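Please walk me through this structure, from its helix packing to its aromatic rings. Keep it brisk.

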Amino acid sequence: LLIRGPYSTTGSIRTIRVFRITRIFRLFSQQKMILHALFGSIFPVMNAMLILFLGVAIWAIVGVELFGELSPQAFGNFAAAFFTMFQCVTGDSWASGVARSLMSQTEPQFSASVFFFF
């Protein structure tokens, strides 16, 4: 017997078919595991970057004090010294031609952020 109306059995069976889509989510368990690992690694990587930033900043301050007068282009102020130390840490020497010219032509507030992009 089929009962028509808001409480019909065919209507409830049709709504149960909507839950078939939950089977698809079982297929994505590997992707969920990868995303969970990526999100779990964000804070350890940020901690490592903070320690690296502090170490480079300390050596940049020492570089300004010791070599500021001998090499003002590389150690004249904190931003230039930080960029020089960042290049030493990363082994990056190609950006000197690009970033150093930008740092010498701009205001000191902007030059401190130029090293971050190169």
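In this predicted model, helix H3 (residues 29-40) and H4 have axes that come within 4 Å and cross at roughly 30 degrees. Angles under 35 degrees count as roughly parallel, so H3 is roughly parallel to H4. On the H3 side, the contact is made by Leu38, Phe39 and Gly40. On the H4 side, Ile42, Phe43 and Pro44 take part. By residue class, the contact of H3 with H4 divides into five nonpolar, one polar and no charged. Gly counts as polar.

Step back to the overall layout. The secondary structure of the protein comes to eight helices and zero strands. Read from the N terminus, the order is α-α-α-α-α-α-α-α. Of the 118 residues in the protein, 20% are buried. Among contacts with a separation of 6 or more, 30% are between residues 24 or more positions apart.

Now turn to H4 and H6. Two packed helices are described by the angle between their axes and the distance between the axes. For H4 and H6, the angle is about 125 degrees and the axes are 8 Å apart. The crossing of H4 past H6 is right-handed.

Which residues meet where H4 contacts H6? From H4 come Leu52, Phe53, Val56, Ala57, Trp59, Ala60, Ile61 and Val64. From H6 come Phe78, Ala81, Phe82, Met85, Phe86 and Val89. The residues of this contact divide into 14 nonpolar, no polar and no charged.

Ala81 is one of the H6 residues in that contact. Is Ala81 buried or exposed? Its relative accessibility is 0%, so Ala81 counts as buried. Leaving aside residues up to four places away in sequence, Ala81 touches Ala60, Val64, Ala74 and Phe75. Ala60 and Val64 are also listed on the H4 side of the contact with H6. Gly63 is 18 residues from Ala81 in sequence, and the two are 6.4 Å apart in space, C-alpha to C-alpha.

The aromatic rings come next. The structure holds three aromatic pairs. One of them joins Phe53 and Phe82, with 5.3 Å centre to centre and 50 degrees between the planes. That pair is tilted. The pair links distant parts of the chain. Phe53 sits in helix H4 (residues 42-67), Phe82 sits in helix H6 (residues 78-90), and the two are 29 residues apart. Both phenylalanines also belong to the contact of H4 with H6.

Phe82 has a relative accessible area of 4%, so it is buried.

Phe67 is partly exposed, with a relative accessible area of 40%. Phe75 has 12% relative accessibility, so it counts as buried. Phe75 is also one of the residues that Ala81 touches.

Phe53, Phe78 and Phe82 form one aromatic cluster. Each of these three residues is also listed in the contact between H4 and H6.

Terms used. Residues are numbered from 1 along each chain as its sequence is written. This is a predicted model: local features need pLDDT of at least 70, side-chain atom pairs count only at pLDDT 80 or more; totals for chains, interfaces and linings use all residues. Side-chain values use heavy atoms; hydrogens and water are left out. Rings of Phe, Tyr and Trp (its six-membered ring) pair if their centres lie within 6.5 Å; planes under 30 degrees apart count as stacked, over 60 as edge-to-face and the rest as tilted. Buried means under 20% relative accessible area, exposed over 50%, partly exposed in between (1.4 Å probe, protein chains only). Axes are lines fitted to C-alpha atoms, for helices over the stretch in contact, and angles run from 0 to 180 degrees between N-to-C directions. A crossing is left-handed if the near helix is turned anticlockwise from the far one by less than a right angle, and right-handed if clockwise. Contact means heavy atoms within 4.5 Å. Angles under 35 degrees count as roughly parallel, over 145 as roughly antiparallel, 65 to 115 as roughly perpendicular and the rest as oblique.
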